[in-house]
Amino acid sequence: MKEKYEMTDLGLLHHFLGMGVIQTDSRIFIHQRKYASSLLNKFGLNDCKPVSTHLVATEKLIKDDGSGAADEEKYRKLVGSLLYLTATRPDVMYAASLLARYMHGPSNKHYGTAKRVLRYVQGTLDYGLMYEKGKKAVLVGYCDSDWGGSIKDSKKATPLKCDNTSAISITKNPVFHQRTKHIDRRYHFIKDALQQGIIDLIYCPTKDQVADIFTKSLPKERFNYLRDKLGVVSAQNLKGSVSV
């Protein structure tokens, strides 16, 4: 690139658009520790007590919960900040997306839940996305995911893992079942994609359904298990002494 453009080599990339980058011989680690710390300071939670999960698994949010109205401007700023944090922290994606549903007229309970997410961030400040060198990149979908790939990339079927055997049976059987006649044909695009070789539908045990972390609140053990499968880990997992 130097032969074509006038540029200066500044060495390895360390920061980009608010994200920190750590490179070792075998891995690349991307994080937003500085940004996350600034959020805790901005919302007065520097010394808050950390929690192990961002949401309470048994708690459900509703529009009118009777807890009173929260400061809408402050709530929007907090949720907007959490959405930006998902660039390197997909483990908080569900919580941020859930809270974003109540941008208009948030309640005190909604705001309290948003602050709980920050308490989770407080306990996982050194977490980020880990990429391993030499690991082959393969596109794999999980249940609720879809793929709008180009024709050039459709040489091999994309594995789509689903934990519902009935759905797999209906999709793989080309016969239009009498019991599914109430389903409009336009909803059978997965079956069409399967027959065209665009995807390959594979059974996935519920315990390995990664999509769960993006669609529901989970108990601590399961949340941590799926978070690891996403590649969201602590910087302490990097070999050698690394300062984040």
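**View 1. A buried pair, Asp91 and Arg89.** Aspartate 91 and arginine 89 are both buried (under 20% relative accessible area, 1.4 Å probe, protein chains only; exposed is over 50%, partly exposed in between). Their side chains meet in a salt bridge, 2.9 Å from N to O. A salt bridge here is a side-chain nitrogen of Lys or Arg within 4 Å of a carboxyl oxygen of Asp or Glu. The model is predicted: local features need pLDDT of at least 70, side-chain atom pairs count only at pLDDT 80 or more, and totals for chains, interfaces and linings use all residues. Residues are numbered from 1 along each chain as its sequence is written, and side-chain values use heavy atoms, with hydrogens and water left out.

View 2. Lysine 77 is partly exposed at 43% relative accessibility. Glutamate 73 is exposed at 52%.

**View 3. Lys207 with Asp208**. Lysine 207 forms a salt bridge with aspartate 208; the closest N and O atoms are 3.2 Å apart. Aspartate 208 counts as buried, at 17% relative accessibility.

**View 4. A network of salt bridges**. Asp212, Lys216 and Arg222 are linked in this network. The whole structure holds six salt bridges.
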